[in-house]
Amino acid sequence: MALFVGTTFLSAFLLFSIQPLFTKMVLPVLGGSTSVWAVALLFFQAALLAGYGYAHLLTRYAPPASVGFVHLGVALAALIVLPISLPDGWRDPPHTEPYFWQLGLFTVAVGLPFLAVAANAPLLQAWFARTGQPHARDPYFLYAASNLGSLIALLSFPFVLEPAIGLTAMSIDWTVLYGLLILALGGCFAFVRKRSFEAAGVEAAGRDDVPAPTLIDGLGWCGLALVPAALLTAFTTHIATDIASAPLLWVLPLALYLFTFVLAFQHRIPIPMPVLLPLQLLSVIFALLELSQVKYDKWSLTSGAGVVVFFLSALVAHRTLYLSRPRVADLTGFYLWMSFGGVLGGLFAALIAPRLFSEVFEYPLLIALTVACRPGVFRVGQRKMSELVWLGAIVATGLVLISYGFRWSVQLGIDYGPWGITPALTALFGIVVLVFWGHGARQLAAALLMFAAVVMLPSQVKRGQAMRSYYGVYRVTQSEDGHYNVLTHGTTLHGAQRIRGADGHLVADTTPGTYYYSASPMARVVRSVQGRLAGEDKLGRYGVVGLGAGSLACYARKGEQWRFFEIDPVVVDIAAKSNYFTFLVNCLPNTDIVIGDARLTIAKEADRSFDLILVDAFTSDAVPVHLMTAEALQLYASKLKDDGILVLHISNRYLDLEGVLGATLHLLPGLKGLIVSDDKADGSYAETISTIAVFAKDERALDPFRIIEGSQPLQARGLKAWTDDASDILGPFLSQWRRTQ
């Protein structure tokens, strides 16, 4: 048994280490948005389905004595594409949303080895069931061991493996471990052959008391896997978009997701179902209630509620899966249905929802749908017609209240104060959920009404004018006093423009604000470069990475060449084609905008052609790491003139980017640098505090910036340099946390 447990563990470790390994490799090409991770997750779920489908067909139709030889042949064939690397010809994604391009890239680069490894979980369980071992009658415990290996791989990658050895060495080590896995698989198959397939017999070793599964059973397994898989992606997107796009935030949901499999797929669960089910229902109600209000919009409360409801709901769904598991003869079919549900969930959350919803509405929807994953929800017995009447009455009444509740409240003189009507209606539907305890379908209908109230009425997930793309959710809102149009990407301010004067009347004001106001570090750098060039009777060439609302365009002078590099066409539409912001229209009407990832587009520019390159690109509050590595800085430097200046906007709540750049600078002897911080701004939309890093090839080119208040040398602070091969996130995170205590 130890051989099978060890092989299962190693297989799962490889399966879940290849995912972040290759995804990190493609970030310099695709950028660091949440959609890159969401589409990557979809691919790996689809590849998992392919692996499970292959295992199912192999065990069902191949002669038992040949199964191992076929699988070992497939595993050996996958060595052709190893070690893992970015294949030639896949380094320039299309300018439009590259969903399918990314899926094609992953298929070509890691599709075959991932399929070979993914098939091992059901195959090893099917083989173990034929060994005649004491636990062979119910081999599903191996799935818990598999997810434990996945969990360890997931947690060790960002905290241990990448910082310690880097992506290139890790790719080679992965190949070595893959070779060991092939040997271990050969040992398992040899052990099974020795015991003789015919003698062991699947049916003899299986759970004979369980009837053969029906199509309804398969669809049920599919649904139970679909909802938590989709919720995994939706929850990750929600916390990265609407709460705080802190580094490594994607690790927590995925770790919890895997941990629920470890807990659920064993004979005894730590939290008994009579306790787990009420806790899960209460967490659903509380999470939707929390999303319905904006009075106490604290990220700690929202994320805490999300973590609890995600964990408990996934645990309920996966435990229900385990309790409905089939006999061993149908084991591979069970996992095939599960993986199919995972693919559908990933497909919905990663591809369909971003096109269907302008905001992350899929998150509250999936929270409500977790009620459908509770045991016996659709069991109505002989009361089908009566149940349909109840469901129709609940839904109709709820929709009427959502549509006309506010109007009726005004007519009756009901004042909800700063809370608004959304939490009141959501709470009412939550009470209905509790009242119908024991009636699962009615509870589901009431939970869906809670969702409807959250997305149809003002709430945390419905505010302002939202636009969504592959790269995130952008919102244009008005400030509380109505004086500014404000652009945010996720949780991060990306620009603001005054639309009303002190008297409240509309104004046409193109004065840059926020991080770009006249006394900000970025504005001072621009004016300094312009002043130097004017003294030499020259007009400069300026490159800006990240368009935002277009504020910096209003520092352009007549005759200067300004080129903006922007990865997202939606941002271009907001800044240049909407009525919300007029910086570009009024200050730089024929703006030169290059769409695409900055690493790729700047690489095509002529060397020594820019007087100033200003990098101001963020994905919500997360930093596109690939734009701040040593290789990226070297690329920018190659495009600067000998006396040119490079500026990186590094304001960040979570990472000590000053220390990272200080360490990275040691790898680049041809660059000199310093930090300029502004803590004098008043914190309004007119003036926002910021920090920038300024680099130059010539030490003397930095002299004008040394005299600016807030200027200081770059210091490594014991942190590691960022390169394309390795970027330690935990160190800068802890350093920033210590500095803010």
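Modeller: Let's start with a pair of strands: E3 (residues 484–489) and E4 are joined by six bridges and pair in the antiparallel sense. Please keep in mind that this is a predicted model.

Biologist: Thanks! How do you know that E3 and E4 pair?

Modeller: Two strands pair if at least two bridges are found between them, and E3 and E4 have six. One example is Thr488, whose bridge partner in E4 is Leu493.

Biologist: Which sheet do E3 and E4 belong to?

Modeller: They sit in an open sheet of four strands, ordered E1-E2-E3-E4, with antiparallel pairing. From one strand to the next, the twist averages 15°.

Biologist: Why are E1 and E4 called edge strands?

Modeller: Strand E1 (465–469) and strand E4 (492–498) each have a single partner strand, so one side of each has no neighbour in the sheet.

Biologist: What is the order of the strands in the open sheet of eight?

Modeller: That order is E7-E6-E5-E8-E9-E11-E10-E12, and the pairing is mixed. Strand E7 (592–595) and strand E12 (711–713) are the edges, as each pairs on one side only. On average, neighbouring strands here are turned by 20° against each other, direction ignored.

Biologist: How do you know that E6 and E7 pair?

Modeller: At least two bridges are needed, and four join strand E6 (residues 561–566) to E7; these two strands run parallel. Within this pair, Phe564 has Ile593 of E7 as its bridge partner.

Biologist: Which helix lies across strands of this sheet?

Modeller: Helix H18 (residues 521–535) lies across E5, E6, E8, E9, E10 and E11, and runs at about 175° to E8.

Biologist: Now to helix pairs. What makes H3 and H4 roughly antiparallel?

Modeller: The axes of helix H3 (residues 67–77) and helix H4 (residues 99–118) come within 8 Å and cross at roughly 150°. Angles over 145 degrees count as roughly antiparallel, and therefore H3 and H4 are given that name. Their crossing is left-handed.

Biologist: Which residues make the contact of H3 and H4?

Modeller: H3 brings His71, Val74, Ala75 and Ala77, while H4 brings Leu112, Leu115 and Ala116. By class, six are nonpolar, one is polar and none is charged.

Biologist: Why is H5 called roughly antiparallel to H13?

Modeller: Helix H5 (residues 120–128) and helix H13 (residues 331–356) have axes that cross at roughly 160° and come within 9 Å. With the cut-off at over 145 degrees, that angle makes H5 roughly antiparallel to H13. This crossing is right-handed.

Biologist: What makes up the contact of H5 with H13?

Modeller: On H5 there are Pro122, Gln125 and Ala126, and on H13 there are Leu331, Thr332 and Tyr335. Four of these residues are nonpolar, two are polar and none is charged.

Biologist: How do you know that Cys554 and Cys587 form a disulfide?

Modeller: The sulfur atoms must lie within 2.5 Å of each other, and those of Cys554 and Cys587 are 2.1 Å apart. A search of the whole structure finds one disulfide.

Biologist: Why is the disulfide of Cys554 and Cys587 called right-handed?

Modeller: Its torsion about the S-S bond is about 85°, so the disulfide is right-handed.

Biologist: Where in the chain are Cys554 and Cys587?

Modeller: Cys554 is in the loop between E5 and E6, and Cys587 is in helix H20 (residues 583–587). The two cysteines are 33 residues apart, and their pair links distant parts of the chain.

Terms used. Residues are numbered from 1 along each chain as its sequence is written. This is a predicted model: local features need pLDDT of at least 70, side-chain atom pairs count only at pLDDT 80 or more; totals for chains, interfaces and linings use all residues. Side-chain values use heavy atoms; hydrogens and water are left out. Axes are lines fitted to C-alpha atoms, for helices over the stretch in contact, and angles run from 0 to 180 degrees between N-to-C directions. Angles under 35 degrees count as roughly parallel, over 145 as roughly antiparallel, 65 to 115 as roughly perpendicular and the rest as oblique. A crossing is left-handed if the near helix is turned anticlockwise from the far one by less than a right angle, and right-handed if clockwise. Contact means heavy atoms within 4.5 Å. Ala, Val, Leu, Ile, Met, Phe, Trp, Tyr, Cys and Pro count as nonpolar, Asp, Glu, Lys and Arg as charged, and the others, Gly among them, as polar.
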